[in-house]
Amino acid sequence: MTETFGAELRRLRIMKGISQRRFAKQVPTSQATLSRWEAALKMPEERVAARMDELLDAGGELLSLWSPIDLHPLDGDQRSRVDYSIRNPEKIDQRAIDAFADSLAAQRRLDDVLGPLPLLAVSRAQADMVKYVLKQVEGPHRRALAGIASEHVQFAGWLFAEARHDGRAMQLLTEAESLADEAESGELAAQAANFKGYIARQQDNPRAMVRGFLAAYHTPGAHVSQKIGDAIQAAQGYARIEERDAALRLLDTADGMIDDSGREAPPATAYWLSPTFHRLNSGLAHLALGDHSVAVDHLRTGLDNLPPDQQAAEWTIEYREGLRQADALN
């Protein structure tokens, strides 16, 4: 079975040999609404999902993929623009591209609250949809859309990394880097490389951590806030292989960039790169260096000052565990 409600709905309808127009009349709904359901742009009401499951003789399998969560909180105009762009990619405009970006921004915030599992299937479907549109777009809007495609693919890669499907995550992040290069965005390419470093950290592979985070650090066009985070996290990798001097040099490098980072906000695609977030990673680096009291200070201060919607995010678990270890060793 396919993994999203919309993809399974479309597959079952086609297997039954029913056109979109005819099936929409049976539901009943408009063909445009049915198209949005199949493209994972909108989720129907549960009773409507049950009705379609019955019409397609799905035996509850379609209904099992239904979710009450609205993962695409776009207004009517935005939804219409996205739907029109899918049908007519050669006529895409900037407002439609902005709608793709707004949908992704909402999903990023949901990840902080819900964790990766409820978002995996829809995120991948969205990434595939944007890539489908990109393949058919030429002209002045292609570069901007390539950037949006890179963001979507990168976010899907991040979710798979959070869920510890590391192989799939690495594939998606490599694809995101290629799309970022087409978009000529160093910020997007650097973020994808950073997430590869994150995967290495989850795999307890400090040498791969150093390679991944330094690749992100040296990516042309990376934002200063990204470079600070990359330097700190590469320092943790060096500390874990007992190259203390290299780790300390990178921490000094990061400290030297702090003032520059305060003069401009981090990129929207890496909104979490605040001084608070950097303190969390600095805490892990100092823990690896054996500076336990410094680690406790950074980790506790960082966790206490996270925004409310990030306090219970799944990605905070490793920092809370780091604080527990540093406290025990202090």
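**Asn-194 and its surroundings**

Modeller: Gladly. Setting aside neighbours within four places in sequence, Asn-194 is in contact with Phe-213, Ala-216, Asp-230 and Gln-233. Keep in mind that this is a predicted model.

Biologist: Where is Asn-194 found, and why is Asn-194 called buried or exposed?

Modeller: Asn-194 is found in helix H10. Its relative accessible area is 11%, and buried means under 20%, so Asn-194 is buried.

Biologist: What makes you say how far H10 is enclosed by the rest of the structure?

Modeller: The count of buried residues. In H10, 15 of the 17 residues are buried, so the helix is largely enclosed by the rest of the structure.

Biologist: And how do you know whether the span of H10 agrees with its number of residues?

Modeller: H10 runs over residues 186-202, and at 1.5 Å a residue its 17 residues should span 24 Å. The end C-alpha atoms are 25 Å apart, which agrees. After H10 comes Asp-204, with a positive phi near 55°.

**Ring pairs**

Biologist: How do you know whether Trp-158 and Tyr-198 are buried or exposed?

Modeller: Trp-158 has a relative accessible area of 12%, so it is buried. Tyr-198 has 9% relative accessibility and so counts as buried too.

Biologist: What makes the pair of Trp-315 and Tyr-319 stacked, tilted or edge-to-face?

Modeller: Their ring centres are 6.4 Å apart, with planes at 85°. Over 60 degrees counts as edge-to-face, so the pair of Trp-315 and Tyr-319 is edge-to-face. Trp-315 is buried at 9% relative accessibility, and Tyr-319 is buried at 2%.

Biologist: Which residues do ring pairs link into a cluster?

Modeller: Trp-158, Phe-195, Tyr-198, Tyr-271 and Trp-272. There is also a charge to look at: the charged end of Lys-227 sits over the ring of Tyr-217, 4.0 Å from the ring centre.

**Nonpolar cores**

Biologist: Which residues touch the most other members of the largest nonpolar core?

Modeller: Of its 54 residues, those are Ile-92, Phe-100, Leu-145, Leu-280, Trp-315 and Tyr-319. Helices supplying at least two residues each include H6 (94-114), H8 (142-162), H10 and H16 (317-329). H8 gives the most, with eleven residues. Apart from this core lies another, of 24 residues, among them Ala-208, Tyr-217, Ile-232 and Ala-234.

Biologist: What does Leu-145 touch, not counting residues up to four places away in sequence?

Modeller: Leu-145 touches Ile-92, Ile-97, Phe-100, Val-130, Val-133, Leu-134 and Val-137.

**Loops**

Biologist: Where is the cis peptide bond?

Modeller: The cis bond joins Val-27 and Pro-28, with omega about -5°. Pro-28 lies in the loop between helix H2 (20-26) and helix H3 (31-38).

**The whole chain**

Biologist: How do you know whether the radius of gyration agrees with a compact globule?

Modeller: With 330 residues, a compact globule would have a radius near 20 Å; the chain has 22 Å, which agrees. The chain has 16 helices and zero strands, and 54% of its residues count as buried.

Terms used. Residues are numbered from 1 along each chain as its sequence is written. This is a predicted model: local features need pLDDT of at least 70, side-chain atom pairs count only at pLDDT 80 or more; totals for chains, interfaces and linings use all residues. Side-chain values use heavy atoms; hydrogens and water are left out. Helices (H or I, at least four residues) and strands (E, at least two) are DSSP runs, numbered from the N terminus. The expected span of a helix is 1.5 Å times one less than its number of residues. Buried means under 20% relative accessible area, exposed over 50%, partly exposed in between (1.4 Å probe, protein chains only). A nonpolar core is a set of buried Ala, Val, Leu, Ile, Met, Phe, Trp, Tyr and Cys residues joined through side-chain atoms within 4.5 Å. Contact means heavy atoms within 4.5 Å. Rings of Phe, Tyr and Trp (its six-membered ring) pair if their centres lie within 6.5 Å; planes under 30 degrees apart count as stacked, over 60 as edge-to-face and the rest as tilted. A charge sits over a ring if NZ of Lys or CZ of Arg is within 6 Å of the ring centre and within 35 degrees of the ring normal. The radius of gyration is taken over C-alpha atoms; the globule rule is 2.2 Å times the number of residues to the power 0.38.
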